[in-house]
Amino acid sequence: MRSVAVVGGGVIGLSAAWKAAGAGFTVTLFDPAVGSGSSWVAGGMLAPLSEGWPGEDEALAFGAASLTRWPGFAAELKAITGTDVFVADETLTVALDAADAADLRTIADWVNARGHELRVLDRAGVREAEPGLGRAVRAGLLAATEPAVDNRALVGALRTACAAAGVEFRAERVESLADLPHDRIVLATGAAAAQLWPGLPIRPVKGEILRLRRRPSAPTPPKRVIRARVHGRPVYLVPRGDGIVLGATQYEVGFDDAVTVAGVRDLVTDAEAVLPGIGEYEFAEAIAGHRPGSPDNLPLIGYLDDRVIVAAGHGRNGILDTPVTADAVLALLADAELPEAASAHPARFTRESATATPLHPGGVR
């Protein structure tokens with residue numbers, strides 16, 4: 001039986017450890033604070049279709065491959081842990097001006113032509129779907145197959161599933177992969193992956209998120225995930241049992257994790273343009289995390305040498321990409337490859353594609 005060290009205890013590392021242990025590997029997970037990084041800060045949206053843009057075929061295909069795995073993945077977790085991680089069934093992206101409304105139609109035409117289904121709503125259709133949204137909203141894009149999950153419930157469920165499968169947890173910070181004696185190593189430390197494997201094209205992208213708790217006087221949260229762009233800034237509102245997760249800013253400032261006044265101001269101002277009643281909510285938490293960015297907004301999943309597998313660089317899509325990444329890592333541990341993950345192979349950065357222009361921003365998680 002081969003031994004596997006998983007370095008990193010976010011949703012990517014936890015899911016890889018769980019699947020590997022279930023397949024018969026002896027798994028040790030190293031992380032001094034499991035689930036405390038970007039997985040804890042995330043909004044939990046699963047929206048590869050809504051974030052599609054013409055020309056981004058590989059990103060759409062990779063995200064869609066993970067989206068189709070989510071129902072089975074969540075059902076398996078629920079059977080083991082009793083936790084239902086879903087908090088919304090659909091995503092509604094709204095436009096407040098003519099240019100953004102035109103973008104919604106562009107996205108719908110392109111994504112639908114690739115075998116998926118997005119529906120453009122006019123002003124009346126948006127109001128019917130979500131009556132609490134602001135009257136400035138003029139159009140919407142409904143993705144009936146894009147749910148959202150509670151990221152913190154997901155972290156807890158994955159940790160429980162790992163323990164049930166026999167994963168050993170070591171609350172240690174790994175300083176050198178070469179010091180680990182295991183047969184295989186999975187590097188899943190997110191934005192910090194390049195610290196253990198210098199030269200990896202993975203960088204931290206800071207994002208701030210607010211958690212708002214509903215008070216009795218406040219309107220109920222939207223039934224769906226609501227996404228929008230306000231004054232060019234992306235904003236999203238994800239329902240929770242007790243309120244709303246509101247996000248997210250995006251900065252290239254290294255590992256700075258301070259929550260700024262400007263970030264909070266912009267998030268609240270933009271959210272009020274979309275959901276006017278949000279001002280009645282209680283301010284419960286402000287937190288920042290670091291998305292692990294890559295040059296082309298696709299993750300890096302594959303062997304770096306004959307022992308080390310990288311599974312990092314998921315950017316704002318770490319929660320979305322969890323099931324397909326776990327399957328891809330399991331395939332690599334079994335000396336095979338998952339076809340749906342071919343576009344994520346790290347060898348692409350040794351070719352000309354390493355200098356590709358970053359993808360259309362679309363929105364942030």
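A residue is called buried here when its relative accessible area is under 20%, exposed when it is over 50%, and partly exposed in between (1.4 Å probe, protein chains only). By that scale His 231 counts as exposed, at 70% relative accessibility.

This is a predicted model, in which local features need pLDDT of at least 70 and side-chain atom pairs count only at pLDDT 80 or more, while totals for chains, interfaces and linings use all residues. Residues are numbered from 1 along each chain as its sequence is written, and side-chain values use heavy atoms, with hydrogens and water left out.

**Backbone features in loops**

Helices (H or I, at least four residues) and strands (E, at least two) are DSSP runs, numbered from the N terminus. Most residues other than glycine have a negative phi, and most peptide bonds are trans. His 231 lies in the loop between β11 and β12, and its phi is positive. Asn 297, in the loop between β14 (282-293) and β15 (300-303), also has a positive phi; at 26% relative accessibility, Asn 297 counts as partly exposed. A further positive phi belongs to Asp 335, which follows α9.

| Residue | Phi |
|---|---|
| His 231 | near 55° |
| Asn 297 | near 65° |
| Asp 335 | near 60° |

The peptide bond that joins Gly 247 and Ala 248 is cis, with omega about -10°. Ala 248 is placed in the loop between β13 and α8.

**Helix α8**

Helix α8 comprises residues 261-274. The expected span of a helix is 1.5 Å times one less than its number of residues. For the 14 residues of α8, the distance from first to last C-alpha is 20 Å, close to the 20 Å expected. Its buried residues are Gly 263, Asp 266, Leu 267, Asp 270, Ala 271 and Val 274. Contact means heavy atoms within 4.5 Å. The elements that cover the buried residues of α8 include β4 (91-95), β10 (203-213), β11 (225-230), β12 (233-240) and β13 (243-247).

**Helix α9**

Helix α9 (residues 322-333) has 12 residues, which should span 16 Å; its end C-alpha atoms are 17 Å apart, in agreement. Because 10 of its 12 residues are buried, α9 is largely enclosed by the rest of the structure. Among the buried residues of α9 are Thr 322, Pro 323, Val 324, Ala 328 and Leu 333. Their cover includes β1 (3-7), α1 (11-22), α3, β9 (184-187), β15 and β16 (308-312).

Strand β1 contains Ser 3, which is buried at a relative accessible area of 18%. Leaving aside residues up to four places away in sequence, Ser 3 touches Thr 26, His 182, Asp 183 and Arg 184.

**The packing of α3 and α6**

Two packed helices are described by the angle between their axes and the distance between the axes. Axes are lines fitted to C-alpha atoms, for helices over the stretch in contact, and angles run from 0 to 180 degrees between N-to-C directions. The axes of α3 (residues 57-81) and α6 (residues 151-165) come within 9 Å and cross at roughly 65°. On the α3 side, Trp 70, Phe 73, Leu 77, Ile 80 and Thr 81 meet Leu 154, Ala 157, Leu 158, Thr 160, Ala 161 and Ala 164 of α6.
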